[in-house]
Amino acid sequence: MTDTSCMLRDATEADLSSIVSIHKEAFSGFFLSHMGPRFLRIYYELVLNFDGGILLISETEGCVTGFVAGCQDPHHFYTFMWSQKLRMFGAVLLGIMRRPSLLLKVFRNTRRVAAQDSKLPEDGLCELTSIGVNPGATGKGEGKALMTAFLERAGRGGAKTVSLTTDADDNEAVNT
């Protein structure tokens with residue numbers, strides 16, 4: 001990494017607001033961003049509290065400048081997430097009230113996750129759900145460092161495969 005003042009560490013509850021802010025900036029046109037900050041906070045809190053969750057941040061001079069999130073054993077994560085549906089309901093409803101067009105996307109994503117979940121291997125899979133860097137910190141190698149740290153953590157957790165799904169249109173750059 002070119003910026004030696006940046007450090008990587010596990011995220012904590014205190015980092016969630018920064019993670020949500022970076023997510024909103026980095027993924028402004030994505031489905032989860034449209035769901036709103038309350039939804040995002042609950043989502044990343046679930047990743048943080050899930051036994052197989054991976055939530056790492058990059059930090060420069062005490063400020064969170066990037067993050068990477070995902071989970072070992074996505075099947076169990078989505079089961080855990082579903083068990084929190086009452087907690088998430090208010091945030092989902094708020095998102096839909098702000099943007100009624102999200103209702104169909106919520107329905108489609110719920111069905112997509114359920115369909116994918118039934119096809120997931122039982123073990124050895126890790127899912128990368130988000131990686132974002134503050135736009136002011138791009139080009140300094142933080143994204144690469146976060147990705148490397150995520151893959152190392154996934155490997156230590158027994159992952160043989162890491163998957164990524166994106167919901168943005170025209171987002172082919174993610175595959176390079």
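Is the crossing of α3 and α4 right-handed or left-handed? The crossing of α3 and α4 is right-handed; a crossing is right-handed if the near helix is turned clockwise from the far one by less than a right angle, and left-handed if anticlockwise.

The model is predicted: local features require pLDDT of at least 70 and side-chain atom pairs count only at pLDDT 80 or more, whereas totals for chains, interfaces and linings use all residues. Residues are numbered from 1 along each chain as its sequence is written, and side-chain values use heavy atoms, with hydrogens and water left out.

**Overall architecture**

The chain contains seven helices and five strands, where helices (H or I, at least four residues) and strands (E, at least two) are DSSP runs numbered from the N terminus. Along the sequence, these elements follow the pattern β-α-α-α-β-β-α-α-α-β-α-β. Of the 176 residues in the chain, 42% are buried; buried means under 20% relative accessible area, exposed over 50%, and partly exposed in between, with a 1.4 Å probe and protein chains only. The accessible surface of the chain comes to about 9,700 Å², and carbon and sulfur atoms hold 56% of that surface. This area was computed by the Shrake-Rupley method with a 1.4 Å probe. Among contacts in the chain with a separation of 6 or more, 73% are between residues 24 or more positions apart, contact meaning heavy atoms within 4.5 Å.

**Helix packing**

Two packed helices are described by the angle between their axes and the distance between the axes. Axes here are lines fitted to C-alpha atoms, for helices over the stretch in contact, and angles run from 0 to 180 degrees between N-to-C directions.

| Helix pair | Axes come within | Crossing angle |
|---|---|---|
| α1 (residues 16-26) and α3 (residues 37-49) | 9 Å | roughly 120° |
| α3 and α4 (residues 74-83) | 11 Å | roughly 130° |

The angle between α3 and α4 therefore makes these helices oblique to each other; angles under 35 degrees count as roughly parallel, over 145 as roughly antiparallel, 65 to 115 as roughly perpendicular and the rest as oblique. Tyr43, Leu46 and Val47 of α3 make this contact with Phe77, Phe80 and Met81 of α4. The residues of the contact of α3 with α4 comprise six nonpolar, no polar and no charged. In this classification, Ala, Val, Leu, Ile, Met, Phe, Trp, Tyr, Cys and Pro count as nonpolar, Asp, Glu, Lys and Arg as charged, and the others, Gly among them, as polar.

Helix α1 passes α3 in a right-handed crossing. On the α1 side, Leu16, Ser17, Ile19, Val20, His23 and Lys24 meet Pro37, Leu40, Arg41, Tyr44, Glu45 and Leu48 in α3. The residues of the contact of α1 with α3 divide into seven nonpolar, two polar and three charged.

**Individual residues**

Thr129 lies in strand β4 (residues 125-133) and is buried, at a relative accessible area of 19%. Thr129 and Ala69 are 60 residues apart in sequence, yet their C-alpha atoms are 5.6 Å apart in space. Beyond its neighbours within four places in sequence, Thr129 contacts Tyr43, Ala69, Gly70 and Tyr78.

Most residues other than glycine have a negative phi. Glu61, in the loop between β2 (53-60) and β3 (63-72), has a positive phi of about 50° and is exposed, with a relative accessible area of 74%. Asp73, in the loop between β3 and α4, has a positive phi of about 55° and is partly exposed, at 21% relative accessibility.
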